[in-house]
Amino acid sequence: MARQGSRGGAESKKMSSELFTLTYGALVTQLCKDYENDEDVNKQLDKMGYNIGVRLIEDFLARSNVGRCHDFRETADVIAKVAFKMYLGITPSITNWSPAGDEFSLILENNPLVDFVELPDNHSSLIYSNLLCGVLRGALEMVQMAVDVKFVQDTLKGDGVTEIRMKFIRRIEDNLPAGEE
Amino acid sequence: MAIFSVYVVNKAGGLIYQLDHYAPRAESEKTFGFPLELVLRPHDERVLVAFGQRDGVRVGHAVLAINGLEVNGRLTADGRDVLEFLSSPANFPVAIRFGRPRLSSNEKLMLASMFHSLFAIGSQLSPEPGSSGIEMLETDTFKLHCFQTLTGIKFVVLADPRQSGIDSLLRKIYEIYSDFALKNPFYSLEMPIRCELFDQHLKLALEVAEKAGPFGPGL
């Protein structure tokens, strides 16, 4: 995880993204051994990502001076330009806005998670980087946004780019902190 | 300059962490003859001074020890009722230690959830739209500073009214929370924080804040 965060000058803890990539690879491989079909692996990755996301959001908010987003476009900008940059060292581009402004795509030119991966034929339905979907979903849920996240294109499956589609479902009103509209 | 206590309240109003960062206030011990020159009354499992102020003993102080033995709520160390014990002349002269009662963990929980509601009331009562909840509450002897994160966790710091740099201290505590509580895989969300590293770093941050005053950004 090449963290380029604002931990501040000499103190910043950067690490090689290769360590993260390899660890993630080991995790996926193990899950593929543990579960019989790829659907279950996808589900587990999403669940793990979710659990990471609900914690990661606090780290993100504590370190960046990002305020509350009142528009999904703002959210998209923060995710692509601040969060992805901070934790993965990449800046995805934002495209394909739906007319209602409640759906967009993140285009990842180079996904650090798949740096060394070739997907074997018998894992055609495995969504290798599905952890990211869970992370995005969990983190946004903690700031009161229910969002649907999924991969619609993947370079591992022969697509030209990797595309994550994000769809805003609703504001979660029930546990809105006091003083926030 | 001093920082007195830190409270962390989860988004449901539950107290998940509390730290007192000061030595107990001066306690006074005095030997009394019969009859006692103070009026004592029982209150919430404690015996308090209701009237009569002398030699550092003040109204509101609780009986902490009798003849050097710590009292156990309203009972003496050997299990007798404190008030009964003090009403019998045979037990005099007696040395009683008085001091300000410390908050029990139950009381802290109650106060934390009360503040949670006050914070919400603050934002609702506001004549201006888009108001936050209570960010600072000032008294003669301390200031309470509250920082609520976007996810609804509140960090509350009680400090000397003249203490500066509390805003950056609150941000720093948030960072410590995200590093040493949340990244601990054995810590479950919303539950009380019992993490040694969190404790250590928090105490360190409080000491630095007390000494240096304001933090630099991102320290």
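This is a predicted model: local features need pLDDT of at least 70, side-chain atom pairs count only at pLDDT 80 or more; totals for chains, interfaces and linings use all residues.
Visitor: How many salt bridges does the rule find across the interface of chain B and chain A?
Guide: The contact takes 30 residues from chain B and 26 residues from chain A. About 2,000 Å² is buried between the two chains, and carbon and sulfur atoms give 49% of that area. Across this interface, the number of salt bridges found by the rule is three.

Visitor: Which residue of chain B meets the side chain of A:Arg63 in a salt bridge?
Guide: A:Arg63 belongs to the part of H2(A) that meets H3(B), where the partners include B:Ser178 and B:Asp179. The salt bridge has an N to O distance of 2.5 Å, and the side chain that A:Arg63 meets is that of B:Asp179.

Visitor: What is the orientation of H2(A) and H3(B) relative to each other?
Guide: Helix H2 of chain A (residues 38-63) packs with helix H3 of chain B (residues 166-181) at an angle of about 150°, the axes being 9 Å apart. Angles over 145 degrees count as roughly antiparallel. The two helices, H2(A) and H3(B), are therefore roughly antiparallel.

Visitor: How many charged residues does the contact of H2(A) with H3(B) have?
Guide: On the H2(A) side, the residues include A:Arg55, A:Glu58 and A:Asp59, and on the H3(B) side they include B:Arg171 and B:Glu175. By class, the contact has five nonpolar residues and one polar residue, while the charged residues number seven.

Visitor: In which loop is the place of B:Pro93?
Guide: The peptide bond from B:Phe92 to B:Pro93 is cis, with omega near -5°. Most peptide bonds are trans. B:Pro93 lies in chain B, in the loop between helix H1 (82-87) and strand E8 (94-99).

Visitor: What is the phi of A:Asn96?
Guide: A:Asn96 lies in the loop between strand E1 (93-95) and strand E2 (103-108) of chain A. Most residues other than glycine have a negative phi. A:Asn96 is not a glycine, yet its phi is positive, at about 55°.

Methods:
Residues are numbered from 1 along each chain as its sequence is written. Chains are lettered from A and ligands numbered from 1 in the order in which they are written. Side-chain values use heavy atoms; hydrogens and water are left out. Axes are lines fitted to C-alpha atoms, for helices over the stretch in contact, and angles run from 0 to 180 degrees between N-to-C directions. Helices (H or I, at least four residues) and strands (E, at least two) are DSSP runs, numbered from the N terminus. Angles under 35 degrees count as roughly parallel, over 145 as roughly antiparallel, 65 to 115 as roughly perpendicular and the rest as oblique. Contact means heavy atoms within 4.5 Å. Ala, Val, Leu, Ile, Met, Phe, Trp, Tyr, Cys and Pro count as nonpolar, Asp, Glu, Lys and Arg as charged, and the others, Gly among them, as polar. Buried area is the accessible area (1.4 Å probe) that two parts lose on being put together, summed over both. A salt bridge is a side-chain nitrogen of Lys or Arg within 4 Å of a carboxyl oxygen of Asp or Glu.
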